Amino acid sequence: MRADILVFPGSNCDLDTEIALREALPGWQVERQWHDGAHLGESQFCVLPGGFAYGDYLRAGALAARSGAIAEVRRLIERGGLVLGICNGFQVLVEAGILPGAFQANTVQHFVCRDAHLRVERARSPFLADFAEGDVLTLPIAHQEGNYRLTADEYRRLKDEGRIAFTYCGPHGESGDEHNPNGSYAGVAGVLGAEGRVLGMMPHPERAAWPAVGRKDGLGILAAALAPRLEGGGH
Amino acid sequence: MPEAATVAGLTRDEAKEARRRAGRDLGALEWAILAVQWSEHCAYKHSKELLRSLPKDGAHVMAGPGASAGVLDLGDGWACAAKIESHNHPSAVEPLQGAATGLGGIMRDVLAMGARPAAFLDALRFGPLDDPKSAFLARGVVAGVGHYGNCVGVPTVGGDVYYHPSYQRNPLVNAMCVGFLRHGEMRSAAAAGDGNAFLLLGAATGRDGIGGAAFASVELQADAAQDRPRVQVGDPFYGKLLIEATLEILRELPVVAIQDLGAGGLAGAAIEMCHQGGVGAEIELAAVPLRAQDLTPPEILLSESQERMLLCLSPQDIPAAQAVAKRYGVEAAQVGRITAKPTMRFLYESECLSELKTSIYAEAPLRSLPQGAAPKVAGAMSAASPVAREDLLRMLTLPDLCDRSPIYATYDQDVGLRTVVRPGLDAAVLRAAPGAPGVAVTTDQNPRLCAISARLGAEHAVAEAARNVIARGAVPIGLTNCLNLPSPEHPAGAAALRDVIEGIRQAALALSLPVTGGNVSLYNEAEAVAIVPTPVIGMIGLLPDPERAIGVAPSPPGAAVLLLGDPGTSLAGSVYAEMKGLGEAEPAAPDYGALRRMTALIGDGSAREEILLLHDLADGGLLVALAEVALHTGLGLDLRLESSEAAFLFGEPSAQFVALASRADAVAAAATRAGVSCRELGRTTADGNLRIAAPAGVMEFAQSELRKAWRREA
């Protein structure tokens with residue numbers, strides 16, 4: 001079984017994601033692939049990592065979304081593989097039209113790095129197989145353009161289809177603007193593709209795959225690709 | 001004196017010496033190079049002799065002063081490269097780019113040692129924030145640190161910030177970078193091998209930053225905005241590509257030597273690399289990739305365009321290095337070759353523009369310092385009135401003590417997965433790699449103490465930095481320093497330079513710490529105001545098992561609260577004395593013996609196992625330290641103190657710590673063995689409130705009340 005991490009010029013969480021995937025997916029082959037010439041034919045799981053692909057020039061994710069590697073990502077999705085976009089990787093998936101929505105600068109107008117609480121929403125996805133609706137996870141965020149925008153109609157449709165994966169919340173799962181670090185619409189922190197096999201999220205699960213220092217809530221998300229979980233497909 | 005030498009900013013004697021060494025008059029290009037190489041910034045003309053007095057040897061030292069960055073052995077085949085450097089004048093003129101390129105420059109110094117840059121720390125000094133210009137500079141500098149660090153993928157894990165009127169027009173931006181490497185990966189800057197090639201790797205060369213080193217070597221002028229073109233522009237996206245391309249080339253190819261292009265651009269790097277290796281070079285300026293078409297040869301040679309490295313390697317390896325560079329989209333051009341003859345030949349389209357001995361550029365004549373002593377502080381203090389509970393709340397709102405998270409929350413603190421302990425309290429903790437050893441790192445200096453005595457201030461900066469790494473359970477193994485001072489050409493500035501170096505020397509010797517290098521920034525004066533002498537210390541503490549550093553695991557309610565070390569008996573130099581207007585007096589020198597005993601205590605496994613959190617007393621003394629423990633953990637503290645004296649509650653002793661412990665008796669027994677005094681003050685509680693019973697009465701603070709003051713929420 002093989003997981004691949006796509007590396008664009010300016011990606012800077014690719015090495016971190018490799019470390020975390022090795023922790024989450026013991027026995028898996030984990031590879032980082034430079035975007036130019038990347039081949040996902042043997043892959044079951046592809047991660048688009050965080051960072052500043054192409055320096056976030058034009059718009060965050062806009063240039064990387066035009067890379068030839070995105071066609072490989074689409075083929076992997078068609079084959080039923082798993083795709084996870086983290087932070088800048090989420091922005092790339094949105095710019096590529098693989099996930100809906102758009103991004104703006106955080107409402108506070110500056111970069112924000114801190115732990116955020118996330119509530120697991122009612123959704124069906126291998127990425128959520130480890131969790132129950134209402135679970136509260138603690139994952140770090142680190143972004144400047146994490147204000148995820150949806151229209152009211154888009155939001156309702158995603159909600160009805162069970163494609164809202166995570167929303168920002170307080171330590172006990174409570175909603176509210178004071179718990180929304182970037183102004184995202186309805187506090188959405190992560191959304192799923194139509195089959196639940198593509199997940200885009202602003203928080204960094206790879207930074208919470210380090211149980212020795214008490215950061216562990218990302219492990220379950222990254223372990224989505226473990227074979228037994230593929231059967232059940234969540235709750 | 002010829003016109004060119006005047007422009008070069010050299011004295012009449014220096015120009016004469018240059019001609020004497022060359023045996024002829026110099027050409028315009030040579031004067032221009034000399035202006036940079038013989039500037040204070042590059043040549044350390046005023047400080048070199050004094051810096052030689054600093055101890056530089058130690059059991060962990062793998063590379064010391066003279067290398068691009070100091071390197072310390074961490075054991076298990078791992079090492080840590082670290083250096084701190086200033087970018088003050090550029091930040092005064094263009095704060096965002098000034099700070100950003102400050103980070104970039106120090107990052108490339110660490111990269112040049114063969115290390116992967118792993119963390120930044122930023123030591124910042126501004127004027128009071130009620131001055132709009134200071135607020136503008138502070139915003140810009142913080143944005144610049146975030147802009148560069150976040151994008152280049154190196155976390156900013158620590159630093160410190162103080163506000164003092166002397167920094168109003170001359171803010172200080174000191175950036176420290178820490179990197180990790182395996183022992184065999186260490187590189188030097190000494191070029192060697194007749195016929196070997198110089199490869200210029202990184203960004204194409206533009207006209208930015210020409211004369212930057214000379215700009216750094218004079219006082220800031222009131223019309224400093226005119227100097228904006230001398231400020232370089234950083235591109236962290238390109239910097240990231242440069243890191244990866246450089247590390248891959250170092251991994252794949254036998255690179256003989258490497259250095260970053262900083263002050264003096266290509267000329268500076270080539271001269272220093274050749275001088276270190278005792279060789280010369282021929283540099284073909286027409287081969288340098290340009291991003292502006294009409295650059296003249298002197299501009300190509302002296303441009304300080306960012307994100308560039310110079311590598312010395314066999315010509316056979318050039319194609320392979322270029323292939324790596326191409327994949328990352330960075331330029332890589334062979335711009336010269338090494339010659340056994342130790343002269344620098346600069347060519348343009350094969351025509352020789354200049355040939356001069358390498359040593360003429362590299363060995364600037366030193367300047368002597370004017371005599372004079374620092375002005376003495378009067379020394380009488382009035383008696384303190386009884387302490388009131390409002391004193392603590394007011395102190396927590398002071399700009400030098402309040403919550404720093406609005407600054408560091410704009411920095412990526414985690415990227416790289418090495419940050420075991422994030423910023424917030426004492427030192428940050430990094431691991432070199434999963435399962436590898438790590439370090440506790442901090443920067444420290446206290447302008448209040450340095451304003452009273454430069455020498456004592458420097459000693460206390462070392463002591464505070466040592467305390468901060470000790471608080472993480474780390475043993476201090478080396479330090480890097482950034483000496484920010486006023487003009488050395490005035491007696492007071494010269495005295496301050498002598499005093500801070502003497503202070504660091506005393507402290508480093510007393511604690512057996514090597515000084516692995518650093519940076520001297522003189523001429524920090526603007527509009528006739530000189531800065532307080534500001535010797536910033538970057539300390540490295542060794543942690544064989546960083547995941548088990550003190551403070552990684554959360555502390556529970558019901559833990560014992562201990563006071564380790566002798567309590568404060570004086571208010572000299574304290575925040576409290578300043579806040580209450582009690583006057584200034586010289587504090588005692590740090591208690592180095594006590595710091596050594598404290599280091600022994602945290603090395604005692606039986607105590608170490610039981611210590612959950614350790615936090616040193618610094619600005620604000622005991623009560624502030626206790627409040628910070630409550631704020632940091634969210635726990636309450638229910639305590640009984642033996643004294644209500646202001647000196648006990650707010651004095652700032654040099655070797656005292658608050659500890660939370662799972663078992664008080666084990667820590668007390670180990671403290672006795674180590675010769676450290678230990679008092680049990682009380683217990684942590686779940687309610688979050690700070691309750692202090694003292695002879696003069698009980699003071700109680702709700703967590704929300706402390707938090708509101710500390711966050712300055714009026």
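Guide: Start with a term. Two strands count as paired if DSSP finds at least two bridges between them. Strands of a sheet pair through backbone hydrogen bonds, either parallel or antiparallel. Keep in mind that this model is predicted.

Now look at chain B. Strand β16 of chain B covers residues 438-444, and strand β21 of chain B covers residues 534-543. These two strands pair in the antiparallel sense, over seven bridges. Pick out one residue on β16(B). V439(B) stands opposite L542(B) in β21(B).

Step back to the whole sheet. Six strands of chain B form an open sheet, in the order β14-β15-β16-β21-β17-β18. The pairing in this sheet is mixed. Where does the sheet end? The edge strands are β14 (419-421) and β18 (515-521) of chain B. Each of these edge strands pairs on one side only. Now compare directions across the sheet. With direction ignored, neighbouring strands are turned by 25° against each other on average.

Next come the helices. Helix α18 of chain B, residues 454-470, lies across β16, β17 (475-484) and β21 of chain B. This helix runs at about 25° to β21(B). Helix α19 of chain B spans residues 491-510. It lies across β17, β18 and β21 of chain B. Its direction is about 180° to that of β17(B).

Note on methods. Residues are numbered from 1 along each chain as its sequence is written. Chains are lettered from A and ligands numbered from 1 in the order in which they are written. This is a predicted model: local features need pLDDT of at least 70, side-chain atom pairs count only at pLDDT 80 or more; totals for chains, interfaces and linings use all residues. Helices (H or I, at least four residues) and strands (E, at least two) are DSSP runs, numbered from the N terminus. Axes are lines fitted to C-alpha atoms, for helices over the stretch in contact, and angles run from 0 to 180 degrees between N-to-C directions. Two residues are in contact if their C-beta atoms, placed from the backbone, lie within 7 Å.
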